[in-house]
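Me: Let's go through this one together. Please begin with something in a loop.

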Amino acid sequence: MSESTARLTGRSRWTRGVAAPMRAFLRTEAGSSGVLAAAIVLALLWANLAPDSYESFWRTEFSLRFGAEELGLDLREWINSGLMTLFFLVVGLEARREFDLGDLRERSRFVLPVVAGVAGMILPVLIFLSFNAGGDGAHGWGVAMSTDTALALGLLALVGRGVPDRVRVFLLTVFVVDDLIALLVIAVVYSENISFMPLLMAIVAFAVLFGLALAGVRKPWVYVLLGVLTWASLLTSGVDPVVAGLAIGLTAPAYSPGRDDLEQASGLFRLFREQPTPELARSASLGLNFSLSPNDRLQHFYHPWTSYLIVPLFGLANAGIPIDLDFLGQAYTSPITLGIIVGYAVGKPLAVTITSWALARFTRGRVVPLVGWVGVLGSGTIAGIGFTVSLLIATLAFDGPELAEAKLGLLTTLVIASAVTWSVFRAAKLLSPPQKAAALLGNAEQLVDLVDPVDQQCDHVRGPENASVTLVEYGDFECPYCGLAENVVRDLLKDDDLRYVWRHLPLTDVHPRAQIAAEVAEAAAAQGRFWEMHDLLLANQDKLQPADLMRYAEQLGLDLERLHDDVKRHVAAGRVARDVETADLSGVSGTPTFFINGQRHYGAYDIETLTKAIKTARARALVAERNGGN
């Protein structure tokens, strides 16, 4: 990626890297799926070429001693019960983000993900039990219930290229539910010889941690200490301690940085710039860090580690099984293997699709999936991947040949789910563009993030009033990123079905001339030359002194005395303040920030990314128009 393109992923200085948590999440999963696949292949090669060394290595004991106390686990247990706690911490963090900032912030939208997620667990379990009823494998029913959401997202990115992000979001919101339930099943069903006092200690430690989080305490070492205490207490109690990671992740709130926090952070940075001492450097660093939500900070730190190291390590330690023709013949006729394969390959897509259809029908369209029916079916088929949590349950429920059969079943689901999902989305590409849009995007009403709708009379608008897509930008004439974005916007405006709106957000704490530039633009608007002044200001961002501004007015042939008087009396200050207020109400704190048909655009604002987002918005608008006409 070129330097200019890389810069287009930013915001004004202190908000770079904050946006697009969901896109970042999906990109991380897509990249790490290849690492995990390599780890699984390596595990299979190792287990078949040197089976004795594979097992002996992972059974190597590793102990921690504190005086007379000793905590001893083999390497596989340290990964399964230790490092995987951090993986489930990330799962909890993403679930909390969906509750706070995602589609689930409207609680009525939680109904379908919960029902579809639960149904997507119950039907595969029933299918597994139908194969294993009365047999030795029946107690391992938990193996057939949980989708590996992270791996499913990664494989969806590979086999479903071109699929809208909304499909991936739907997959995440539905199957984060079964991650939560699966961990509860591990804690309740697959934990043995539970000791009450350590369990009580874990509950108390977590309660204190939760209380500190509610009180807004910002001492990371306190949370680390309480988190480790909760984990160790659960391990001692007999309850699988990975539950601690999920619970702690759910306590971390997610929110967009507030204007006050950002202004305070930029103030601390200015102090350091004036007097660069170690104390002020630390103060500025902490100020910048704490302007982000705890959820953002934790995900930024842990997510790459879990995706690229911990989960692949888990696969390497657990996926290895000796394979020969006799074993394959026995396993593929085993009720354990068949129950897992049929449960995932048939049960998951059937449960998700039928449940979504039934809810939409019985509620008469009040509860509908956030994607089209091809998106629902594709989400169901890719959800037929059970690996991380299921493999964890398998190691708790089985051993010996039964464990090997369960592992083979889970590995087989990877291949089947990927192939079927590729076929589903490949078939969707054969539809006409309107049919494809409806099949993938659906007709669910979208949440609107832009609080103040566009007013053709009051807002500054370029493009046709009846355009199907409206692009709103909150900008600052002195912001260098707005200057870069302006070139992209000019390319976008070649589209004759796009309406573009500029709203002011002068960041006066970092751009001292942004406010007067905005008022000069409004003074020019009073004389019918807003867009000409807008273009000049963004083209000359380093020349916004009063003399420069008057020269631009003269260049445009404006009444200089009138403009000077308007700016001197701050006639347009109220107009600029109204834009700033709407930005605050819409959760905007940095520039440039874009909204496309009322929905906030996260991520890069290069021509390719924005064009794709506009294309999706147009397809959704056309689907809504067709449905409105029916």
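Reply: Happy to! His570 sits in the loop between α24 (560-568) and α25; helices (H or I, at least four residues) and strands (E, at least two) are DSSP runs, numbered from the N terminus. This is a predicted model, where local features need pLDDT of at least 70 and side-chain atom pairs count only at pLDDT 80 or more, while totals for chains, interfaces and linings use all residues. Residues are numbered from 1 along each chain as its sequence is written, and side-chain values use heavy atoms, leaving out hydrogens and water.

Me: OK, what's the phi of His570?

Reply: His570 has a positive phi of about 55°, though it isn't a glycine. His570 is also partly exposed, at 47% relative accessible area (buried is under 20%, exposed over 50%, partly exposed in between, with a 1.4 Å probe and protein chains only).

Me: Which other residue than glycine has a positive phi, near 50°?

Reply: Asn597 does, with phi near 50°. Asn597 is in the loop between β6 and β7, and with 33% relative accessibility it counts as partly exposed.

Me: And where's the cis peptide bond?

Reply: Between Thr591 and Pro592, with omega about -10°. Pro592 belongs to the loop between α25 (573-585) and β6.

Me: Switching to the sheet: what's the strand order?

Reply: β3-β5-β4-β6-β7, an open sheet of five strands with mixed pairing (two strands pair if DSSP finds at least two bridges between them). β3 (460-462) and β7 (599-601) are at the edges with a single partner strand each, so one side of each has no neighbour in the sheet.

Me: Is β4 mostly covered or mostly exposed?

Reply: Mostly covered: seven of the seven residues in β4 (469-475) are buried.

Me: How many bridges does β4 make with β5, and in which sense?

Reply: Seven, in the parallel sense, with β5 spanning residues 498-504. Val472, for instance, has Val501 of β5 as its bridge partner. The chain gets from β4 to β5 through helix α20 (residues 480-492), in a right-handed β-α-β crossover. Right-handed here means that, with the strands pointing away from the viewer, the path from the first strand over the helix to the second runs clockwise.

Me: And what joins β4 to β6?

Reply: Four bridges, and β4 and β6 (residues 593-596) run antiparallel. Tyr474 has Thr593 as its bridge partner in β6.
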